[in-house]
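Student: I'm new to this one and would like a close look at a single part. Could you walk me through one of the helices and what it packs against?

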Amino acid sequence: MNTSMLDPPSRSPFRFKRAGDIKPRPMDWLVSGLFELDGLLLIVGDPSAGKSFWALDLAACIATGHEHHGRAVQAGPVHYIAGEGHNGISRRLRAWMIRNELELGDAPLYVSEVAAQIGDEVNTATVLEAINCTGDTPKLVVLDTLNRNMAGDENATKDMGAFIACCDEIRAAYGCTVALVHHTGHGN
C-alpha cells in the first residue's frame, strides 16, 4: 500500500491514522464510571427538571472532592458560566452545603456574573482570560445554559458548529471536561 496516502495534506491538521497504530489511553474518570476528563458532556432535559441543580451539585462535588451520588470524583477547580438564574445559584449552593455538611468557602468553584456569548474567537478568548485570572486550571467548565451562553442561533448549523468549536477550544486549553446544560423543546 502506498503510505504517502497517510501523509497529512499540506497545511492541514486533518489526517488519518492506521487503526492498528491507535493505542488506547487508560480511562481518566472525572466522575468514576460516568464520564471522563477531557470531554464534552451534555446535560439535557425538560424545562424545570433540575438540570441546573444537578450541574451545580456536580460542580460542587468536583470542587470539594466529595463523591457524586456514590461515585468518586477527580477533585479540582470548576468554572461555572451561568447564563441565567444568578439569584438562585447562591440558594442552591447553600442547600448543597447544608445537605452535604460541607463548606464551599475555600473550594475552587467559580461562578460567572454574566453569560459568556461563546461562538467567536473574541468571546472565547475573554472566557479563557477570565479563567486564567482565577489562577486555577479547571477540571470542569459548565455552560448553563447552552442557549444563554451561545452567540447566534442554536438552530443554525453554522452557529452551532462555531459554538462547539469554541467549547473544544476551552476543553483543549485545559484538558478539562466542558459540560453544556440544555433544555429539550417545549413540545413533544
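Tutor: Let's start with how helix H1 and helix H2 (residues 86–100) meet: their axes come within 10 Å and cross at roughly 55 degrees. The crossing of the two is right-handed. Keep in mind that this is a predicted model.

So who touches whom? On the H1 side you'll find Ser52, Phe53, Leu56, Asp57, Ala60, Cys61 and Thr64, and they meet Ile89, Arg92, Leu93 and Trp96 in H2. Sorted by class, that contact has 7 nonpolar, 2 polar and 2 charged residues.

Now stay with H1 itself. The helix covers residues 51–64, and at 1.5 Å a residue its 14 residues should span 20 Å; the C-alpha atoms at its ends are 20 Å apart, which agrees.

How much of H1 is covered? Mostly it is: 11 of its 14 residues are buried. Several residues that meet H2, including Ser52, Leu56, Asp57, Ala60 and Cys61, are among the buried ones. The buried set also includes Lys51, Ala55, Leu58, Ala59, Ile62 and Ala63.

Finally, follow the chain just past the end of H1. There, Gly65 takes a positive phi of about 80 degrees.

Technical notes: Residues are numbered from 1 along each chain as its sequence is written. This is a predicted model: local features need pLDDT of at least 70, side-chain atom pairs count only at pLDDT 80 or more; totals for chains, interfaces and linings use all residues. Side-chain values use heavy atoms; hydrogens and water are left out. Helices (H or I, at least four residues) and strands (E, at least two) are DSSP runs, numbered from the N terminus. The expected span of a helix is 1.5 Å times one less than its number of residues. Buried means under 20% relative accessible area, exposed over 50%, partly exposed in between (1.4 Å probe, protein chains only). Axes are lines fitted to C-alpha atoms, for helices over the stretch in contact, and angles run from 0 to 180 degrees between N-to-C directions. A crossing is left-handed if the near helix is turned anticlockwise from the far one by less than a right angle, and right-handed if clockwise. Contact means heavy atoms within 4.5 Å. Ala, Val, Leu, Ile, Met, Phe, Trp, Tyr, Cys and Pro count as nonpolar, Asp, Glu, Lys and Arg as charged, and the others, Gly among them, as polar.
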